[in-house]
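This report describes one protein chain, part by part. Look over the sequence and the structure below before reading on.

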Amino acid sequence: MGGRAAALAEQCYLQYARAAAAAECTLAVLRTPLYMALCGSNARSLEWLRRMPAQTFMAAMRAPADLFLTTRDAPALGLPETELRQLGETTPLFVCNYFGPG
């Protein structure tokens with residue numbers, strides 16, 4: 001597996017799932033530069049992640065990574081061409097995850 005989808009899955013999700021797995025807790029994830037920055041600006045996120053079981057965090061990271069990897073050749077992320085055709089004449093929609101403040 002390669003390409004942009006694999007790189008995004010790795011960069012955004014899988015490296016953090018492995019960090020949690022290696023330490024069997026989310027504390028290892030909280031020590032990464034990304035999560036230090038994210039939690040540094042939101043104390044609620046820090047406490048929430050500290051209490052989260054490692055298995056829950058790993059599953060949350062693996063799910064979107066799997067979506068990237070299994071639909072990397074589809075015209076829309078998570079939506080294979082056959083399903084996209086079934087939508088017919090509907091209005092296009094763009095959904096973007098935003099992990100900003102709050």
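## A methionine and its neighbours

M61 touches C12, Y13, Y16, A17 and Y35, leaving aside residues up to four places away in sequence. Contact here means heavy atoms within 4.5 Å.

## Basis of the model

This is a predicted model, in which local features need pLDDT of at least 70 and side-chain atom pairs count only at pLDDT 80 or more, while totals for chains, interfaces and linings use all residues. Residues are numbered from 1 along each chain as its sequence is written, and side-chain values use heavy atoms, with hydrogens and water left out.

The pLDDT is the predictor's confidence in each residue, from 0 to 100. The protein chain averages 81, and 81% of the residues score at least 70. Confidence is lowest in helix α6 (residues 81–86), with a mean of 77, and highest in α3, at 91.

## Overall make-up

The protein chain has six helices and zero strands. Helices (H or I, at least four residues) and strands (E, at least two) are DSSP runs, numbered from the N terminus. Along the sequence the pattern reads α-α-α-α-α-α.

Of the 102 residues in the protein chain, 25% are buried. Buried means under 20% relative accessible area, exposed means over 50%, and partly exposed lies in between (1.4 Å probe, protein chains only). Among contacts between residues at least 6 apart in sequence, 55% join residues at least 24 apart.

## Helix α1

Helix α1 covers residues 3–23, which is 21 residues. From its first C-alpha to its last it reaches 29 Å, close to the 30 Å expected at 1.5 Å a residue; the expected span is 1.5 Å times one less than the number of residues. At E10, α1 bends by about 50°. The bend at a residue is the angle between axes fitted to the seven residues ending there and the seven starting there.

Which residues of α1 are buried? They are A5, A6, A9, Y13, Y16, A17, A19 and A20. These buried residues pack against α2 (27–30), α3 (33–40) and α5 (54–70).

## The nonpolar core

In soluble globular proteins, nonpolar side chains tend to be buried together. A nonpolar core is a set of buried Ala, Val, Leu, Ile, Met, Phe, Trp, Tyr and Cys residues joined through side-chain atoms within 4.5 Å. The largest one in this model has 20 residues, and those with the most contacts inside it are Y16, V29, Y35, L49, F57 and M61. At least two residues of this core come from each of α1, α2, α3 and α5. The most come from α1, which gives seven.

## Aromatic pairs

Rings of Phe, Tyr and Trp (its six-membered ring) pair if their centres lie within 6.5 Å; planes under 30 degrees apart count as stacked, over 60 as edge-to-face and the rest as tilted. By this rule there are two aromatic pairs. The ring centres of Y16 and Y35 are 5.1 Å apart and the planes stand at 70°, so this pair is edge-to-face. Because Y16 lies in helix α1 and Y35 in helix α3, the pair ties together parts that are 19 residues apart in sequence. Y16 is buried, with a relative accessible area of 7%, and Y35 counts as buried at 11%.

Y35 also forms an edge-to-face pair with F57, at 6.0 Å centre to centre and 75° between the planes. This pair links distant parts of the chain, with Y35 in helix α3 and F57 in helix α5, 22 residues apart. Both Y35 and F57 are buried. Together, Y16, Y35 and F57 form one aromatic cluster.

E24 is found in the loop between α1 and α2. Is E24 buried or exposed? E24 is exposed, with a relative accessible area of 69%. E24 has a positive phi of about 55° although it is not a glycine.

R31 is in the loop between α2 and α3 and counts as exposed at 59% relative accessibility. R31 and A19 are twelve residues apart in sequence and 9.5 Å apart in space, C-alpha to C-alpha. In helix α3, M36 touches L30 and R31, not counting residues up to four places away in sequence. M36 and L46 are ten residues apart in sequence, with 8.7 Å between them in space, C-alpha to C-alpha.
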